[in-house]
Amino acid sequence: MADQTVTDDHEGLDQFESRGRKIFLVWLPLACFIFVLLFPFYWMAVTAVKPNAQLTDYQNHSPFWVVGPTLDHIKYLLFETSYPGWLWNTLIVAVCSTFLSLLASVFAAYAIERLRFRGARVTGLLIFLAYLVPPSILFIPLSVIVFQIGIFDSKLALILTYPTFLIPFCTWLLMGYFRSIPYELEESALVDGATRWQILTKIVLPLAVPGLISAGIFAFTLSWNEFIYALTFISSSENKTIPVGVLTELVRGDIYEWGALMSGALLGSLPVVILYSFFVDYYVSSMTGAVKE
């Protein structure tokens, strides 16, 4: 009876210790991570609906809360600035550059992983190393090319230059995903008389949908948020993208229109958030290399 009581006490202590360890090792770090991740969005949302009188009056109003929210900043942004045009430009550039990058990455990754030519591994490594070159170095020679071919201050300049940093990573990502697809599927198709193009389009790509979605989300996100190339290659207000337009058009000298700035940042982040929310399962599946055979 005494042994049973001691055992019950140990089980109770173990349960208490495991619960306490779980709080400190799991829930507390998770809460800190969520706070750091979501607080900027909360701050943007609060600032976007704050009246101008509350933006700097911290003595009478809390900076973390809003009293009497207003939509004046959002109305000003949508109807008195070129923000809708910037949004449309960003969408066109992101979609087109993502499509071109995926098209080139699929061919490059399939050739490196499945055709087995000499130097394939070295080529794949060099492609990934090209991604490590910072855009702050590449935009100087790219600007010379953009001026020479006459596409400066046009959306085409961004559509053709964004793949220079999108293709390397997308190729590297798809190489890893193509590598996880069984070779036996291609060998069976070759025995049945299928061509390489048929194998790519009817066997490999359907199996690689999670990888394609993951690479597409990555490319779209980078294209949507890119700043250096858009600032360098675009000068007119009507052709600017959201990251450049919000910063250059809503900051006049030392005057910062914080309400409109935060409204533009908040609305500009919503498409990417919606995209991730719809395809997060495919994105995680690709990153972990999972393939359903």
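Which strand does Val 251 lie in? Select the residue and look: Val 251 belongs to strand β1, residues 251–252. Keep in mind that this is a predicted model.

**Stop 1: the whole chain**

Show everything as a cartoon. The chain has 14 helices and two strands. Of its 293 residues, 35% count as buried. Now think about contacts. Among those with a separation of 6 or more, 73% join residues 24 or more positions apart.

**Stop 2: Val 251**

Return to Val 251. Its relative accessibility is 17%, so it counts as buried, the limit being under 20%. Show its neighbours. Leaving out residues up to four places away in sequence, Val 251 touches Val 246, Tyr 256 and Leu 261. Draw a distance from Val 251 to Leu 261. The C-alpha atoms are 8.4 Å apart, and the two residues are separated by 10 residues along the chain.

**Stop 3: the largest nonpolar core**

Select Leu 158, Tyr 162, Phe 178, Val 204, Tyr 229 and Phe 233. Within the largest nonpolar core, which has 37 residues, these touch the most other members. Next, colour the helices that each supply at least two residues of this core: α4 (83–114), α6 (135–149), α7 (155–161), α8 (163–179), α10 (196–207), α11 (209–225) and α12 (228–233). Which helix gives the most to this core? That is α8, with nine residues.

A second, separate core holds 13 residues. In soluble globular proteins, nonpolar side chains tend to be buried together.

Now centre on Phe 233. Beyond four places in sequence, its contacts include Phe 139, Leu 142, Val 146, Phe 152, Ala 157 and Leu 158. Ser 143, Ser 154, Thr 161 and Asp 153 are also among the residues that Phe 233 touches.

**Stop 4**

Move to Asp 153, in the loop between α6 and α7. Is Asp 153 buried or partly exposed? Asp 153 is partly exposed, because its relative accessible area is 21%. Check its backbone too. Phi is near 60°, a positive value in a residue other than glycine. Most residues other than glycine have a negative phi.

From Asp 153, jump 84 residues in sequence to Ser 237. The C-alpha atoms of the two lie 9.7 Å apart. Ser 237 sits in the loop between α12 and α13 (242–249). Setting aside neighbours within four places in sequence, Ser 237 is in contact with Ser 82, Trp 86 and Glu 249.

**Stop 5: the largest pocket**

Select Leu 91, Val 95, Thr 98, Phe 99, Leu 212, Ile 213, Gly 216, Ile 217, Phe 220, Pro 271, Leu 275 and Phe 279. They line the largest pocket. The space inside comes to about 210 Å³. Helices α4, α11 and α14 (258–287) each give two or more residues to the lining. The most come from α11, with five residues.

**Stop 6: Gln 54**

Finish at Gln 54, in helix α2, residues 52–55. Its relative accessible area is 7%, so Gln 54 is buried. Which residues does it contact beyond four places in sequence? They are His 61, Val 66 and Val 67. Zoom in on Val 67. Its backbone oxygen lies 2.5 Å from a polar atom of the Gln 54 side chain.

Terms used. Residues numbered from 1 in each chain as written. Predicted model: local features only at pLDDT ≥ 70, side-chain atom pairs only at ≥ 80, totals over all residues. Heavy atoms only, no water. Helix = DSSP H or I, 4+ residues; strand = E, 2+ residues; numbered from the N terminus. Buried < 20%, exposed > 50% of the residue type's maximum accessible area, 1.4 Å probe, protein only. Polar contact = N/O pair within 3.5 Å; in protein donor to acceptor, adjacent residues only side chain to side chain. Contact = heavy atoms within 4.5 Å. Core = buried A, V, L, I, M, F, W, Y, C linked by side-chain atoms within 4.5 Å. 1 Å grid on protein atoms, 1.4 Å probe; cavity = no way out; pocket = protein on both sides within 12 Å on 5 of 7 lines; lining within 4 Å. Points joined across faces, edges and corners; volume = space filled by probe spheres on them.
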